[in-house]
Amino acid sequence: MRILGIETSCDETAASVIEANSKDKQTKIISNLIASSLPLHSKTGGIIPEVAAREQIKYMIPVINNALKNASSTPGVEHQKMIDAIAVTVGPGLIGSLLVGVEAAKTLSYVWKKPIIPVNHLIGHVYANFIKASREQNEIEFPALVLIVSGGHTDLVLMKNHGNLKLIGGTLDDAAGEAFDKIARLLNLSYPGGPAIENAAKKGNENTFNFPRPMINSRNFDFSFSGLKAAVLREVQKMKKIDQKTVSNISASVQKAIIDVLIDKTLKAAENYKAKSILISGGVSANELLRKSLEIKSYDLRIKFFAPEKFLCTDNAAMIATAAFFNYNPIHWSKINVNPELYFK
Ligand code: KG4
Ligand code: ZN
């Protein structure tokens, strides 16, 4: 079956067609498009929801159209004949942005008479690990421990099987990606902050500043990053002028502090729940130090490690279509609503 995925939960406008085989549970990407309004947000150092949604209204139809065109091997074949179902992100996210994707999906479902599957964006991130482009999904063994690290979330999820996901820990304040973004701003680095800090850190020494590792020794699987941000602010305020070398050193030290906490908690949770696999997902999982360090430490514990290809770590529609395939539960278009606060059950 071919599923058209639509994702507009934050600033991206994304559409993708995936091909899924029910027999061997393989999914592969046929087309995958993302339009981003990032340059506009770089100017303001963050996303202004209204600005994002207005851009998405402009991009939505061309992005869907091009995703369908790219997926069609025979020109002239009507798009709706090629598609068996539509998957769309219904939350969590920015309400105006979510509405753009959901209304487009509902309209297509009504006009084409195709089933529509509502998808939780966070579960979408988990399923980036199940796309054939990224790996052979048969290798993932359950129970799996999933670390979702994005701009809005830092969640530890126990996945016992498809459709059986349980939240075991989350952030009490800022998400890891949000910490990267806010600290980048303190350092006058560009938005989004994660890649900017990763880049600056390459020329820095991670041992220069001993920033706090919040909650690393707490007995639960929750996170907190606002104290780390405050510690960086205090350090920056002490300096009269901050040169490139210092920016690099702070970046390397901050990156190490965030990653130390993420890895420590993930491994503790994996051991506690006797996980056979560790999966990471979300924008921050594109971070090379996080990927490499967690991979090595997982193998030390004889736990399999999986990370999506980097282009599937950040928001995309292929992961949404894939999540819909593995949790195939269509509902009538008229019953689909956005839910900006959607979380795990
Ligand atoms: O998953 P995502 O694209 O959107 C949300 O659902 O939030 O994640 C975006 C977040 C941003 O905070 C960004 O700074 C962070 O992911 N990010 C990174 C890297 N690439 C993106 N953080 C650290 N290292 C990276 N290479
Ligand atoms: Zn996301």
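Mentor: Happy to. Of the 20 residues around ligand 1, those that come nearest are Gly151, Asp181, Gly194, Glu198 and Gly283; a residue counts as near a molecule or strand if one of its heavy atoms lies within 4 Å of it. Before we go on, please keep in mind that this is a predicted model, where local features need pLDDT of at least 70, side-chain atom pairs count only at pLDDT 80 or more, and totals for chains, interfaces and linings use all residues. Residues are numbered from 1 along each chain as its sequence is written, chains are lettered from A and ligands numbered from 1 in the order in which they are written, and side-chain values use heavy atoms, with hydrogens and water left out.

For Gly151, a backbone N or O atom lies 2.8 Å from an oxygen atom of ligand 1. A polar backbone atom of Gly194 is 2.9 Å from a ligand 1 oxygen, and for Gly283 the corresponding distance is 3.0 Å. Of the 550 Å² of accessible area that ligand 1 has on its own, the protein covers 89% (Shrake-Rupley method, 1.4 Å probe; for residues, only the protein chains shown count as cover).

Ligand 1 sits in the largest pocket. A pocket here is an open set of points on a 1 Å grid over the protein atoms alone, with protein on both sides within 12 Å along at least five of seven lines, and a molecule sits in it if more than half of its atoms lie within 2 Å of its grid points. Helix H5 (121–127), helix H6 (176–186) and helix H7 (193–201) are the elements that give two or more residues to the shell; helices (H or I, at least four residues) and strands (E, at least two) are DSSP runs, numbered from the N terminus. H7 supplies the largest share, four residues.

Now follow the loop between H6 and H7, where Asn188 lies. Its phi is near 60 degrees, a positive value in a residue other than glycine. Asn188 is exposed, at 74% relative accessible area (exposed means over 50%, buried under 20%, partly exposed in between, with a 1.4 Å probe and protein chains only). From H5, the loop towards strand E6 (144–149) holds Pro143, which a cis peptide bond joins to Phe142, with omega about -5 degrees. Another cis peptide bond, also with omega about -5 degrees, joins Gly91 and Pro92; Pro92 is found in the loop between strand E4 (85–91) and helix H4 (95–112).

Finally, the helix. H9 has 29 residues (244–272), and at 1.5 Å a residue they should span 42 Å, which agrees with its end C-alpha atoms being 42 Å apart; the expected span is 1.5 Å times one less than the number of residues. H9 is mostly covered, with 21 of its 29 residues buried. Lys274 counts as exposed, at 65% relative accessibility.

Key:
Polar contact = N/O pair within 3.5 Å; in protein donor to acceptor, adjacent residues only side chain to side chain. 1 Å grid on protein atoms, 1.4 Å probe; cavity = no way out; pocket = protein on both sides within 12 Å on 5 of 7 lines; lining within 4 Å.
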